Amino acid sequence: MTIDVSVICADERTTGFDTLPLDVDRWERLAERVLVAEGVEGELTLTFIDEADIAELNAEHMGKSGPTDVLSFPLDDHEHGGDAEPPPGVPTLLGDIVISPAVADAQYADHAGTFDDEIALLVVHGILHILGHDHADAAEAEVMRASELHHLTALHWHAPAPVGFRQTHDA
């Protein structure tokens, strides 16, 4: 069975202060592989934005002050009426993920270990939120972290996690 996945990935950083190089195609491919591994069909957007822009979204949608690393906005995959499938030819819209490379750059040393591993973790983390995972309580967090680690070892490193990799921030 072929899984129909479409990821639209864009680098929309505009301030000039965030000049960290990003291989947008690499992160698009990772997102596609995670969706296929999860057996999910549909369309997803993955956008890299400035720190100021993610801070604005964080305030608007989460009620929190300041920038964050990743935000996920799941879309209603039943927008065409109840539990009905979308009409033929209309893709399931999974949602939108926004990531701030500047925030990732500021935190990777105390988190994932490298900038690339931090971005990979944020991509996977964002997708899992789109798919309904959460970390609001310990049991949910354990399931989500296990899924993150599974996808990272299988699809990003193709090996066990490197020494120093952490999925949670230092308190």
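Colleague: Is serine 147 buried or exposed?

Modeller: A residue counts as buried when its relative accessible area is under 20%. In this predicted model, serine 147 has a relative accessible area of 12%, so serine 147 is buried. Serine 147 lies in helix 5. Apart from its neighbours within four places in sequence, serine 147 is in contact with Glu38, Leu128 and His133.

Colleague: What pattern do the helices and strands follow along the sequence?

Modeller: The chain has five helices and four strands, and their pattern along the sequence is β-α-β-α-β-β-α-α-α. Of the 171 residues in the chain, 42% count as buried. Among contacts between residues at least 6 apart in sequence, 65% join residues at least 24 apart.

Colleague: How does one check the length of a helix, for instance that of helix 4?

Modeller: One compares an expected span with the distance between the end C-alpha atoms. Helix 4 covers residues 115-130, and at 1.5 Å a residue its 16 residues should span 22 Å. The end C-alpha atoms of helix 4 are 23 Å apart, which agrees. Just after helix 4, glycine 132 adopts a positive phi of about 105 degrees.

Colleague: Why is helix 4 described as largely enclosed?

Modeller: Because 15 of its 16 residues are buried, helix 4 is largely enclosed by the rest of the structure.

Colleague: Which residues of the largest nonpolar core touch the most other members?

Modeller: That core has 35 residues, and those touching the most other members are Trp27, Leu44, Leu46, Ile99 and Val123. At least two core residues come from each of strand 1 (5-11), helix 1 (24-37), strand 2 (42-48), strand 4 (93-99), helix 4 and helix 5 (138-157). Helix 4 gives the most, with ten residues. A second, separate core of five residues includes Ile49, Leu71, Phe73 and Val98.

Colleague: What is leucine 46 in contact with, leaving aside its neighbours within four places in sequence?

Modeller: The contacts of leucine 46 include Val7, Ile8, Cys9 and Ala10, and also Trp27, Ala31, Ile97, Ile99 and Val123.

Colleague: How does one read the packing of two helices, such as helix 1 and helix 4?

Modeller: One considers the distance between the axes, the angle and the handedness. The axes of helix 1 and helix 4 are 10 Å apart, at an angle of about 40 degrees. An angle under 35 degrees would count as roughly parallel; helix 1 and helix 4 are therefore oblique to each other. Their crossing is right-handed. Among the residues that make the contact are Trp27, Leu30 and Val34 of helix 1 and Ile119, Val123 and Ile127 of helix 4.

Colleague: At what angle do the axes of helix 1 and helix 5 cross?

Modeller: They cross at roughly 130 degrees and come within 10 Å. That makes helix 1 oblique to helix 5. Helix 1 passes helix 5 in a right-handed crossing. On helix 5 the contact is made by His151, Leu155 and His156, while helix 1 supplies residues including Arg26, Arg33 and Ala37.

Technical notes. Residues numbered from 1 in each chain as written. Predicted model: local features only at pLDDT ≥ 70, side-chain atom pairs only at ≥ 80, totals over all residues. Heavy atoms only, no water. Expected span 1.5 Å × (residues − 1). Buried < 20%, exposed > 50% of the residue type's maximum accessible area, 1.4 Å probe, protein only. Core = buried A, V, L, I, M, F, W, Y, C linked by side-chain atoms within 4.5 Å. Contact = heavy atoms within 4.5 Å. Axes fitted to C-alpha atoms, helices over the stretch in contact; angles between N-to-C directions. Parallel < 35°, antiparallel > 145°, perpendicular 65-115°, else oblique. Left-handed = near helix turned anticlockwise from the far one by under 90°.
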